[in-house]
Amino acid sequence: MDVDEKLIEHVATLARLKLNKEEIKEFTPQLKEVLDSFSKLDEVKTDGVDISPQPVEIRNVLREDKVEASLAQEDALANSEHKKDGYFKGPRAV
Amino acid sequence: MLTTEFIRKVQSKEVDIVEHTAAVLEECKKINKEFNYFNVISEDLAMKQAEDLRRDPEKPLAGLAISVKDCICVKGVETTASSRILKGYYPLFNATAVKKLIHDGAIIIGKTNQDEFGFGGFATNVGLDYPIPLNPFDKERATGGSSGGAAGVAQKLSFPHVSLGESTGGSIVNPASFCGVFGLCPTYGRVSRFGLLDYGNSLDKIGSLGKSLDDVALVQKHISGVDRHDCTSLDVPVDDYPKFVGKDVKGLKVGIIKEAFGDGVDKHVENKVRDGIKKLEEHGVKVEEVSLELPIKYGIQVYYLIACSEASTNLAKYCGMRYGAHGKLEGSFNEYFTNVRSNNFGKEAKRRIMIGTFARMAGTRDAYYIKALKVRTKIIEEYKSVFKKFDAVVTPTVPILPPKFDEIKKLSLLENYMIDVLTVGPNLAGLPHLNVPVGFEKNLPVGMMLTADHLQESKLLQLGGVFR
């Protein structure tokens with residue numbers, strides 16, 4: 001795997017992170033070391049093996065589709081600095 | 001005083017719980033000045049709970065002081081998981097584990113320091129602006145992580161107390177080992193994750209740490225059980241855990257994992273753990289060597305692929321809206337989110353988001369993320385076959401003694417991640433595991449880890465009882 005500064009910058013963009021020059025310089029060899037080590041898993045034969053998204057068997061949990069009490073609008077907004085007229089105010093979308 | 005006796009005295013008002021709680025909080029402040037274990041000491045909440053309890057003391061955990069790892073929500077108390085991106089977040093609800101403890105009369109004394117979001121094995125990856133917690137036995141050394149504050153305060157506080165911790169890849173047993181306390185990480189789903197700030201949803205477990213195994217068992221019993229707010233919580237009856245501590249262990253079978261000894265394990269650690277195994281034998285436990293190759297050989301890679309993949313999606317919600325750190329509303333939404341995230345996540349959070357994003361990218365997803373989920377299946381199967389023959393397996397908890405901070409700085413990123421080599425196995429497989437303090441080497445504590453099959457916490461407590 002070619003892990004270079006270009007790839008690191010690309011992944012950062014996908015992750016909505018902006019790295020400064022020092023971070024890119026520091027992270028590139030570090031992430032290369034870790035990402036390269038992942039190839040070790042190629043040694044393990046997994047043909048026909050199922051994936052385990054959870055470690056234990058989990059069943060669907062269903063409930064009646066009824067309206068229940070939920071957070072009041074005021075409470076839901078209590079932790080936000082950016083709000084207006086009872087809504088969250090976000091950055092420009094278009 | 002035993003905790004059961006203390007609780008009885010609070011119930012009968014022989015102990016004035018208001019005075020007692022004030023003394024506990026004073027000691028917490030004193031310890032914190034020196035060791036940095038708390039992000040918040042929740043004085044107002046604790047004193048109010050104590051006053052309520054004085055009026056109505058008939059509760060099963062009356063007056064027991066509980067510290068809560070900062071990634072677990074406590075209503076009205078700042079909860080940040082030691083991350084600057086959550087600075088100023090005051091949850092509107094209690095995590096289910098916290099709610100149950102409060103309901104049963106326990107007193108919440110504060111939020112404990114940790115690696116940011118749980119991203120570390122030394123508690124040195126605290127978020128921006130957070131101080132690093134210091135080992136209770138040597139302030140130049142690490143507490144272990146990520147529940148470093150939880151383990152430190154469990155060791156230092158002189159009053160009856162249990163810490164709530166959380167483990168994704170070893171974050172309960174690792175600091176318990178470095179701080180010389182018991183730490184129980186339960187089966188995945190045994191304790192509700194509702195109100196826990198997610199790191200890796202398929203891996204996160206809430207558990208408990210304490211100097212007394214009886215107290216750990218007591219608290220674990222009170223926080224376990226199914227919860228309608230967490231559909232992954234297990235609908236299986238909870239054992240009466242405290243009854244298993246001290247129960248005869250004669251005839252139980254424990255497998256010594258061959259691969260967990262030898263190369264890479266400090267001789268001092270190995271010797272102490274071997275002494276611990278001998279002690280089990282003296283009490284009538286049958287021990288035998290067993291091979292468990294996959295978790296130790298491939299666990300680190302599988303763990304970091306799965307945990308970082310899950311973390312990178314979980315941390316997408318931290319973007320400067322709704323709660324936590326905010327920025328000035330300017331630029332497009334991508335620019336705004338990117339700025340808030342870049343300014344407020346610490347370095348290790350950024351690295352793990354990057355690793356997870358890489359592992360899930362088009363073109364790499366099948367080769368990395370999906371592959372890791374398949375190897376995880378094989379790891380689970382390997383454990384399951386071993387538990388057909390054994391009640392538990394044993395390894396050192398961490399291969400080394402608590403390191404000095406300047407030694408940690410010299411580690412490469414992969415070497416740093418290798419600290420989890422013995423703990424990622426049970427965490428990937430969702431198996432309960434317990435750190436047992438087995439003695440001291442060079443005045444530093446050594447921990448032994450016992451791992452059992454799913455929902456066999458009782459067996460761990462039974463075996464651990466030999467060391468109480």
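Hi everyone, let's begin with a definition: two strands pair if DSSP finds at least two bridges between them. Strands here are DSSP runs of type E with at least two residues, helices are runs of H or I with at least four, and both are numbered from the N terminus.

What you see above is a predicted model, where local features need pLDDT of at least 70, side-chain atom pairs count only at pLDDT 80 or more, and totals for chains, interfaces and linings use all residues. Residues are numbered from 1 along each chain as its sequence is written, and chains are lettered from A and ligands numbered from 1 in the order in which they are written.

Please find strand S2 of chain B, residues 65-69. S2(B) pairs in the parallel sense with strand S6 (residues 161-167) of chain B, over four bridges, and there Val68(B) stands opposite Leu164(B). S2(B) also pairs in the parallel sense with strand S3 (residues 107-112) of chain B, over five bridges. In that pairing, Gly110(B) is the bridge partner of Ser67(B).

Are the residues of S2(B) buried or exposed? Five of its five residues are buried, meaning that 20 or more other C-beta atoms, placed from the backbone, lie within 10 Å of a residue's own. Ala65(B), Ser67(B) and Lys69(B) point one way, while Ile66(B) and Val68(B) point the other. In a regular strand, side chains alternate between the two faces of the sheet.

Now, on to the partner chain. In total, 55 residues of chain B are in contact with 42 residues of chain A, contact being C-beta atoms, placed from the backbone, within 7 Å.

Terms used: Two residues are in contact if their C-beta atoms, placed from the backbone, lie within 7 Å. A residue is buried if 20 or more other C-beta atoms lie within 10 Å of its own, exposed if 12 or fewer, and partly exposed in between; C-beta atoms are placed from the backbone.
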